[in-house]
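Please look through the sequence and the structure shown here before reading the notes that follow.

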Amino acid sequence: MLIKFINRVLSSIGQDLAIDLGTANSLVYVKGRGIVIQEPSVVAINQKTGKVLAIGQEAKKMVGRTPAHIVATRPLVKGVISDFEVTEQMLKYFIDRAIKRKFILQPGPRVIVGIPFGVTEVEKKAVRDAALSAGSREVYLIEEPMAAAIGARFAVQEPGGNFIVDIGGGTTEVAVISLGGVVYAKSLRIAGDKLNEDIINYAQEEYKLLIGERTAESVKIGIGSAYPLKERKEMPLRGRNMLTGLPEEISISDTDIRKAMERSVRQIVNEIKVTVEETPPELLADIMHRGIYLAGGGALLRELDTLITKETKIPTRIVEDPLTAMVRGAGLVLENLDELRDVLVETENLEPPR
Ligand code: ADP
Ligand code: MG
């Protein structure tokens, strides 16, 4: 009784957050306020002192430009935590920036954190522990495709089938959702990062040009496409000629970039096709009618929706603001916890370790 009462008082003065801890980007939504943080999941560390130099946007600018003793790392790989301590520091930094403490003993926030579908118990525990030691009071987990579907305003608790594809940095998650649960899902370790690598490799093989990750990404975003465009697009590509060792600038077109990414894009499309084939017929009927929805930054690749529509014969659309869909969905769960509690992966409370 007393504990329940204390908990209620605490939650009325604490703050609630929804967090998308992505391989590429992290977002924080504060209950009642909306998204307050949207930054790259990058941390720059001085290896001589072990000190964190920068987190987020600042750290991303350092990627590929650091002296030997500074490393700009991404603590999440393929959607799961690969460096626990760095993840914890990054989370703490984002949480502290998101909440404005009104008084010193204010309890930490309750948070909902997204996890990829089908991660192991150990991986789930790592996410929860990182959030707890970053100062949260209670941690709830939500499967990312579920959160993205809620963010897209699907009626996930009803019996109709919803088909959502979340293309992030490290993974592409394909999920069929119905009655408040993930009916079927697949995860493919090919997504935005792989497309950047493809462009790096292509520039090396075709033009003997060495380029960095950031350059590859900006070319992908600038002129990349999954299906031929109506108008030709071109962009300068700067790097170092591998034969002369000197800087060089060439002009590259959308056709080049499409060719570079072709294999990976095909693998993503195949994953979607396989999922369509394995979807139970009743749900498939709903999906043919409602369509396939794309979320995550990778959804923004030009004409990817066109290609998927052609290949699956199912109308494909991009959810509104695909980069924020997951955190907006988790935010909606926070705002309507009573009705949507069932979509969370775990609901029992855990005391923060002290
Ligand atoms: P994660 O959830 O893994 O953090 P995001 O959903 O934030 O990933 O998506 C990040 C990925 O989306 C990156 O690989 C980025 O290059 C890619 N991306 C962002 N904008 C675009 C765009 N306009 N075209 C193609 N890819 C994009
Ligand atoms: Mg994501």
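Predicted model: local features only at pLDDT ≥ 70, side-chain atom pairs only at ≥ 80, totals over all residues.

Residues are numbered from 1 along each chain as its sequence is written, chains are lettered from A and ligands numbered from 1 in the order in which they are written, and side-chain values use heavy atoms, with hydrogens and water left out.

**Helices**
- Helices (H or I, at least four residues) and strands (E, at least two) are DSSP runs, numbered from the N terminus.
- In helix H11 (residues 325-335), nine of the eleven residues are buried, where buried means under 20% relative accessible area with a 1.4 Å probe and protein chains only.
- In helix H7 (residues 213-223), the buried residues are Ala216, Val219, Lys220 and Ile223.
- Seen down the axis of H7, these buried residues fall within an arc of 105 degrees, so they line one face of the helix; the arc is that of the directions from the helix axis to the C-beta atoms.

**Cavities**
- The whole structure holds two cavities of 30 Å³ or more, a cavity being a set of points on a 1 Å grid over the protein atoms alone where a 1.4 Å probe fits but cannot get out, with lining residues having an atom within 4 Å of a point; grid points are joined across faces, edges and corners, and a volume is the space filled by probe spheres set on the points.
- The largest cavity has about 40 Å³ of space, and strand E9 (110-115) gives the most to its lining, with three residues.

Notes:
Buried < 20%, exposed > 50% of the residue type's maximum accessible area, 1.4 Å probe, protein only. 1 Å grid on protein atoms, 1.4 Å probe; cavity = no way out; pocket = protein on both sides within 12 Å on 5 of 7 lines; lining within 4 Å.
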